[in-house]
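This briefing covers a single chain, grouped by topic. Please look over the sequence and the structure first.

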Amino acid sequence: MAISPLQKRAIEDVIQTICSVTKSRRKICDMFMELVDRDTWPEYYKVIPEPRCLLGIRTGVEKGKYKDSLLVYDDLMLVFANALHYNEQGSQIARDASTLKKGVLEETWKSNSALPTPPPPSPPVTATQQSPAIAISKRQPLTVSESPSRASTSIIVPPAKRTSQASTVHTTQTQGIADEDGDMSPEPQENEVESHSWEFAARDEESAEIIRQLERGLPRWEGGHDKGWMEDVSGDLINKYIEILTLLKNYKTSSNQHPWLSLQKIPEDAVIKDLPSNVRTIGVKGLRERARSQHYTLPREFDQDLGRLFQKGRRWYATGSEGYGKCILLQRVYHLLTSPPFPNSIPHTTSNFSSVTAGPGVAKPLHSQAIEASHAVTTFRIPTKDRVFTDELIYKGMTIRMGDWVHLMNPDEPAKPIIGQVFKTWTPEGDAPRKTQQGLTVCWYFRPEQTIHPRHRQFWENEIFKTGHFADHVCEDIIEKIACQFTAKHVRGRPRPPYWYPGWPLYVCDSRYNDRERVFVKIKNWNSCIPEEFRKNDFMPIYPFERIVYPKRYPSPFVSGMISGPGGIGDSIERAEGEKIEGGGTGRKRPRRTAAGQATDQAGPRYGTFVGTPTPIPDVVGNLESTSVLTPPVQMSQQKKIEDRSIKTALGGASASIEVLPGETVKHFDRDPETSKILWFSGPPIDVARAPMPRYSLKYLHYLSMKKRGSSADKRVLKEAEADEMEIEEGSLRPQKILRMEARPRVTETFATLWGTSGPTDGLN
């Protein structure tokens, strides 16, 4: 609904009222009239993704760029919300923003009958907790000059999205605080209950809303750049375009399936969330018509549209589904056909066109013994031979640098791309044709179904595991850029661009996985997992949540039997001392501990909402070596044993009766900001008067500073301060002046003073 002339005048009156507020003859709106200078404060635009100013809003109203008066209200509120977020709490600009927001804008808007009533605000948060681009209302504000129109569009929901078929939901009553080193310290007391409690369902929905609210205000990805696409194609371009499309359409897998059909099933007008507008409109039919009608003047333009088609397919199908796997496989064929030397046919392969012959869970180190040659793929160190390291790799509009995360072609299962972090980019050393090739060395991360783990182990949503496997890939193996956060940051917020954009796959990592001994080790030092060049910096900074939000937990993917993989149900392997292990090293007989401070992680994460049917932890864990599901899961809830820490029990008496506080009681008590434990005291705090500390004047403090520097530049200031001695503000303690002690006179000196030098003393001599 358009803004009426009456509402327009009312909005102008509200803005004029804001601009007329003064404090001590100072207009407090001056700091909010114009946008912050981008050259002077570039950091501001990294923290605040949607800046607003009063002058820009007033101009937008005058030019009719707002279609709803409530959008103007949202932008006005965002002006002051940005100031409260960026500036320190208690600063002058933060106080001014709070005054204009609560005392002027809200009251003036509500008092004007011509303006609609704004929606109720979100739960209050502090300025340091609030996300930078979160407006007070739950609608995303309008960007007057940059963002596209927010006209409502019907979104076609992709089929076969992953749904959680849960019979039981378990939730923790308290939140643990994740230390910066990644440790959950201290561990909260948990109370797992059945899902019929409405309180926990509401809590989970609140967490999801916090994530959605933050992501709504984050910058969107605008697509790749114009470098790294197909070029230098000889011959007739139109025939080449038709040839590539024909090869992709007619390609059949070893199981006689046509992956092209998965792209044809996507509607031409399908609108998928968080995709650039030039990707949403692309389709198989439209691509073929453009190629035949000479729409593409450069090979790069055809290559870009074809890449957008596969990007749309990856977002349309659920990750891990059959349709998703066919899109990934066909994308790898497309990379082959659009890369030099531009082959005219598709060769036969047994590795799904991947440059490696085995993927996670199957691949073994190159120096392993008694294994198939095709499985010897990875190393435990970054290779340096026969290559020239580069600063970046450019391919299909993507710039890949050290530290980036990517999806790579999996030779075993295309629906589950290899997850890797880039440690090096390089070009082969040798002949000139080889120098045009590009490669990257990545560290592999395993999915849960690529590990062997106990039946009772739980996993976070999209959890992956750091391994010691490094592998070389060619640039054609790159499917897309992704992101992975370590636990300490994942529960606190979302990565900032260019590390991640809404819509990109996002994973979380909490543990290492040693596939030789089938051991999970909780990561204590996150910096040890990333390239050395980034360990001294704040790697992958985040936009913070309002509070800590833990992801959902799921049971083992093998318990349900819905997911297959090279891993399975099993346990860690204990080797005899001195026994050789695949990949080098020897076994050990000592208890299952690793480096100091690091213990094996048998049960997985214990925070967040549990979705599914939990499997009880066995009292004695045997050395199972089977890699398949052994028995059906036991349908019962896992009971948490609560430790008796009462004084009576510590002195050897009978065990005390322990009851867990119900959630209805817990929510009425504050928590310690460091430990997240309930603040429960046996009595009221003692009211003890505190002696005030002396408060010195600025002149005296300046005197001390000049005296410490030993500067004689301003002697007048020193003399004035010495004359005033110690000027202390009224109401503080005044130090006592120390009296100078003099020696008592001798008797002879006393008589000499009384009688004089010519007195009786002369007769005594």
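Does Asp477 count as buried or exposed? Asp477 counts as buried, at 0% relative accessibility. The coordinates come from a predicted model. In that model, Asp477 pairs with Arg332 in a salt bridge, with 3.0 Å between the closest N and O atoms. The points below start with the chain as a whole and then return to this pair.

**Overall make-up**

- The chain has 20 helices and 22 strands.
- It consists of 765 residues, of which 44% count as buried.

**Helix 12**

- Helix 12 runs over residues 322-337, which makes 16 residues.
- From its first C-alpha to its last, helix 12 reaches 23 Å, close to the 22 Å expected at 1.5 Å a residue.

**Salt bridges**

- The structure holds 25 salt bridges.
- Side chains of opposite charge can pair when their charged atoms come close.
- In the Arg332 and Asp477 bridge, the N and O atoms that lie closest are 3.0 Å apart.
- Arg332 is buried, its relative accessible area being 6%, and Asp477 is buried at 0%.
- Lys416 takes part in a salt bridge with Glu413, where the closest N and O atoms are 3.8 Å apart. Lys416 is also bridged to Glu449, at 3.6 Å from N to O.
- Glu449 lies in the loop between strand 11 (439-446) and strand 12 (452-453), and Lys416 in the loop between strand 9 (405-408) and strand 10 (418-428), so their bridge ties together parts that are 33 residues apart in sequence.
- The relative accessible area of Lys416 is 8%, which makes it buried. Glu449 counts as buried at 9%, whereas Glu413 is partly exposed at 27%.

**Nonpolar cores**

- The largest nonpolar core has 37 residues. Leu248, Trp260, Leu263, Phe302, Leu306 and Leu309 have the most contacts inside this core.
- Two or more residues of this core come from each of helix 7 (237-250), helix 8 (260-264), helix 10 (284-292), helix 11 (299-316) and helix 12.
- Helix 12 gives the largest share of this core, 8 residues.
- Another core, of 33 residues, lies apart from the largest one; Ala10, Phe32, Leu54 and Val61 are among its members.
- Leaving aside residues up to four places away in sequence, Phe302 touches Met230, Tyr241, Ile244, Leu245 and Tyr296.

**Backbone features**

- Most residues other than glycine have a negative phi, and most peptide bonds are trans. The following places depart from that pattern.
- The peptide bond between Pro340 and Pro341 is cis, with omega about 10 degrees. Pro341 is in the loop between helix 12 and strand 4 (364-365).
- A cis peptide bond also runs from Pro497 to Pro498, with omega near 5 degrees. Pro498 is in the loop between strand 16 (493-495) and strand 17 (506-514).
- Gln294 is not a glycine, yet its phi is positive, at about 60 degrees. Gln294 is placed in the loop between helix 10 and helix 11 and counts as exposed, with 58% relative accessibility.
- Lys396, likewise not a glycine, has a positive phi of about 50 degrees. Lys396 lies in the loop between strand 7 (392-395) and strand 8 (398-401) and is buried, with a relative accessible area of 8%.

Methods
Residues are numbered from 1 along each chain as its sequence is written. This is a predicted model: local features need pLDDT of at least 70, side-chain atom pairs count only at pLDDT 80 or more; totals for chains, interfaces and linings use all residues. Side-chain values use heavy atoms; hydrogens and water are left out. Helices (H or I, at least four residues) and strands (E, at least two) are DSSP runs, numbered from the N terminus. The expected span of a helix is 1.5 Å times one less than its number of residues. A salt bridge is a side-chain nitrogen of Lys or Arg within 4 Å of a carboxyl oxygen of Asp or Glu. Buried means under 20% relative accessible area, exposed over 50%, partly exposed in between (1.4 Å probe, protein chains only). A nonpolar core is a set of buried Ala, Val, Leu, Ile, Met, Phe, Trp, Tyr and Cys residues joined through side-chain atoms within 4.5 Å. Contact means heavy atoms within 4.5 Å.
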